[in-house]
Amino acid sequence: MNQESSRIVFIHNTAMWYRRPFFSLLSEIYPIKFVFTHLDVSKEIYDVEIDDKIEGIKNVDYTVLKNYLGIAFGVINESSGDYDIIVGGSWDSLPEIIETTLYFAIAKLRRKKFVLWTEDWNWNLKTTKRRLVKLFAQIIIKKSDAIILPGTKQQECVVYLGASPSKVFLMPNASNISQPSMESPERITERGTYSEQPTDEVNYEANLYNEYPSVKGKKIVLFVGRLVKQKGVEYLLSAFSTLKKDISDVVLFIIGKGDYEEKLKKIAEDLHIDKDVYFRGHVDNDLLKNYYGPSDLCVVPSITHEMVDAWAFVVNEAMYYGNPVIATDAVGSAVDMIREGKNGFIVPERDSTALYNSMKVILSQDELREKMGKCSKEIVETNFSYKNMVEGFQKAINFVKK
């Protein structure tokens, strides 16, 4: 790829494993520096610690800022450098609002281009905090020179808040679940998707059955995510208890941990499904394929609770391993990644009956389930690759350079 001349500073809170291939690819194209303000976010959300020396982003110019009173004041110095374009923007917390205000103001005072990158989409929550943040977001959205978004829900949101459609660009999210040490541009195929490390034979089923021999031959429903109220796992448990009455040879694996875990286990006991529900706890990224691979269905039952799932990368990951997916309408990626009846279903949030009905349709028809799994893999490889992300980013940069 030809080198671009525009100098870019890209400010983001942390360097999640699924972002690092994207950052590496951008570094091959642009003179770009990445500034990370809150690496500890990965610990809070995914229970994954990231050191200041970040693995998997070789040949990437980056710096990790220190926090004082929880705020990365270093964004002042970083955004004041010799850059043409500043990319960033966040209002997830008060420190990030303060930081965004600082480098957004610097961009405007120095007459530099500001490109907003956001995944937020639901402003229907009526809390005082959300109303105040909405006012802040509207200012940033209206004054940004371009806006990069992952999908349809986010696009509708920023236009509703006053963005000109002409300056909105889609950059569909991609994800991999590889070990950080394996995350390098060399593992990206020509289609922009991540490839497995070469092996003589991949047998995810054997790995799972060695650990859980009793589930061999049974249909597997999978949930991956934090065990917090927002993830809606209680509705999945209710749906699964009804499903067990129709399909006896089905089990549910719940991957993740959180402060809602004990309550969920109690719910499973009360529903008399605890022997068929496996609370696996935290699983390292490189081992998740041993669960995605053998699963027959992945369910993402998120609900609106203080906030929503901006994207839910588990949808990308499950589809990459050929899983049909059921997600609620509180999942940011659902409308873009799920083709209704083709590779899964979108159901109303907090609706256990709808979850049950959709699960039964998929798990009771082997041929349909296989077709859905193949469709999932085709959709994610064709439309949600790192190559797609880079192309979306380039369109936004080219727009502000005019």
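Ala146 and Ile148 point one way from strand β6 (residues 146-149), Ile147 and Leu149 point the other way, and all are buried. Buried means under 20% relative accessible area, exposed over 50%, and partly exposed in between (1.4 Å probe, protein chains only). Helices (H or I, at least four residues) and strands (E, at least two) are DSSP runs, numbered from the N terminus. The model is predicted: local features need pLDDT of at least 70, side-chain atom pairs count only at pLDDT 80 or more, and totals for chains, interfaces and linings use all residues. Residues are numbered from 1 along each chain as its sequence is written, and side-chain values use heavy atoms, with hydrogens and water left out.

**Strand β6 and its partners**

- Strand β5 (residues 113-117) pairs with β6 in the parallel sense over three bridges; two strands pair if DSSP finds at least two bridges between them.
- Ile148 in β6 is the bridge partner of Trp117.
- β6 also pairs in the parallel sense with strand β7 (residues 168-170), over three bridges, and Val168 in β7 is the bridge partner of Ile147.
- From β6 the chain crosses through helix α6 (residues 152-160) to β7, a right-handed β-α-β crossover.
- Right-handed means that, with the strands pointing away from the viewer, the path from the first strand over the helix to the second runs clockwise.

**Aromatic rings**

- The whole structure holds 25 aromatic pairs; rings of Phe, Tyr and Trp (its six-membered ring) pair if their centres lie within 6.5 Å, with planes under 30 degrees apart counted as stacked, over 60 as edge-to-face and the rest as tilted.
- The ring centres of Phe36 and Tyr62 are 6.0 Å apart and the planes are at 55°, so this pair is tilted.
- Phe36 lies in strand β2 (residues 32-36) and Tyr62 in strand β3 (residues 61-64), so the pair ties together parts 26 residues apart in sequence.
- Phe36 is buried at 1% relative accessible area, whereas Tyr62 is partly exposed at 23%.
- Trp91 and Phe136 have ring centres 6.3 Å apart and planes at 80°, so the pair is edge-to-face.
- Both Trp91 and Phe136 are buried.
- One aromatic cluster includes Phe36, Tyr62 and Trp117.

**Lysines**

- Lys377 lies over the face of Tyr320, 4.3 Å from the ring centre; a charge sits over a ring if NZ of Lys or CZ of Arg is within 6 Å of the ring centre and within 35 degrees of the ring normal.
- Lys219, in strand β8 (residues 219-224), is buried with a relative accessible area of 16%.
- Not counting residues up to four places away in sequence, Lys219 touches residues including Asp249, Asp296 and Asp366; contact means heavy atoms within 4.5 Å.
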